[in-house]
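Please read the following points with the sequence and the model open side by side. They are written as a colleague's note, to be checked residue by residue.

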Amino acid sequence: MGDASRARGMGSRIWNFALGHIPTRDKIERNRFLRPVAHRILHPALWRFTRRSVPRGVALGVVSGILFPFVHAPVAALAALPVRANVPVAVATTLLHNPLTSVPIYFSAYHIGLWVLRLDRTVPGRPIASNVAAHVDWLHTLVAQVGPATIVGLAVLSAVLAIIGYVVAGLVWRVRIGRKWRKRSIERNFAIAFD
């Protein structure tokens, strides 16, 4: 019983922390960087939770959270305008990229980029790995191999996770609405039966 209550306590602390760091309409209106476009970002249609805007917000938040690690919230809020995504969901989803998840994201992105670019494969003539080993300079290795692999990996990872997030958010939305309709139907049938 103690472990279950501790787990619930930890979950509520994480939820309260996330709610405390999600910008409200007032914070966005007062933000000096967003002030020129605040009237557009604060449009009521961008703050409604609909079956189309929520999955778009999730996908947009994942992409901006991964590709723009330090300015992800303003980028997500601004990018929500043209795609008509839900602004709070987009900004909240950027919080998935945080100090705890940064290392796994960049590690995965580097290895995905290596796999996509095939930088560790041998090339007819001169293998890239031996060429990099010949130039032991860390800056050369960073520019020649780590940088491009990580950038490509981040792009691929953000696209794949955005698609997964979009599909999962759409499914969760559909299940949630289905349960509401079933409950409403049962209540209506129950009321009709006992009238």
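1. Ser 53 is in contact with Arg 48, Arg 84, Ala 85 and Asn 86, leaving aside its neighbours within four places in sequence, where contact means heavy atoms within 4.5 Å. Ser 53 has its place in helix α4, helices here being DSSP runs of H or I with at least four residues and strands DSSP runs of E with at least two, numbered from the N terminus. Ser 53 counts as buried because its relative accessibility is 4%; buried means under 20% relative accessible area, exposed over 50%, and partly exposed in between, with a 1.4 Å probe and protein chains only. The side chain of Ser 53 also makes a polar contact, at 2.9 Å, with the side chain of Thr 50. A polar contact is a pair of N or O atoms within 3.5 Å; within protein, one must be able to donate a hydrogen and the other to accept it, and residues adjacent in sequence count only if both atoms are side-chain atoms.

2. On the basis of the note: this is a predicted model, in which local features need pLDDT of at least 70 and side-chain atom pairs count only at pLDDT 80 or more, while totals for chains, interfaces and linings use all residues. Residues are numbered from 1 along each chain as its sequence is written, and side-chain values use heavy atoms, with hydrogens and water left out.

3. Arg 84, one of the residues in contact with Ser 53, deserves a separate look. Arg 84 lies in the loop between α5 and α6, and it counts as exposed because its relative accessibility is 61%. Although Arg 84 is not a glycine, it has a positive phi of about 55°. Most residues other than glycine have a negative phi.

4. Arg 56 also has its place in helix α4, and with a relative accessible area of 30% it is partly exposed. Not counting residues up to four places away in sequence, Arg 56 touches Val 83, Arg 84, Ala 85 and Tyr 166. The C-alpha atoms of Arg 56 and Val 83 are separated by 7.5 Å, although the two residues are 27 apart along the chain.

5. Which residues does Thr 93 touch, not counting residues up to four places away in sequence? They are Gly 57, Val 58, Gly 61 and Val 62. Thr 93 itself lies in helix α6 and counts as buried, at 11% relative accessibility. A polar atom of the Thr 93 side chain lies 2.6 Å from the backbone oxygen of Val 89.

6. The largest nonpolar core has 15 residues, and those with the most contacts inside it are Ile 28, Ile 41, Trp 47 and Val 87; such a core is a set of buried Ala, Val, Leu, Ile, Met, Phe, Trp, Tyr and Cys residues joined through side-chain atoms within 4.5 Å. Two or more of its residues come from each of α3 (38-41), α5 (72-83) and α6 (87-93). Another core, of 8 residues, lies apart from it and includes Val 62, Ala 109, Leu 157 and Ala 162.

7. Ala 45, in the loop between α3 and α4 (53-67), is partly exposed, with a relative accessible area of 37%, and its C-alpha is 9.5 Å from that of Val 87, 42 residues away in sequence. His 39, in helix α3, counts as exposed at 57% relative accessibility, and its C-alpha is separated by 9.7 Å from that of Ile 28, 11 residues away along the chain.

8. The elements giving two or more residues to the patch are α7 (99-117) and α9 (138-193), and the largest share, 6 residues, comes from α9. Trp 115, in helix α7, counts as exposed because its relative accessibility is 57%.

9. Overall, the protein has 9 helices and 0 strands. Of its 195 residues, 27% count as buried, and among contacts between residues at least 6 apart in sequence, 71% join residues at least 24 apart.
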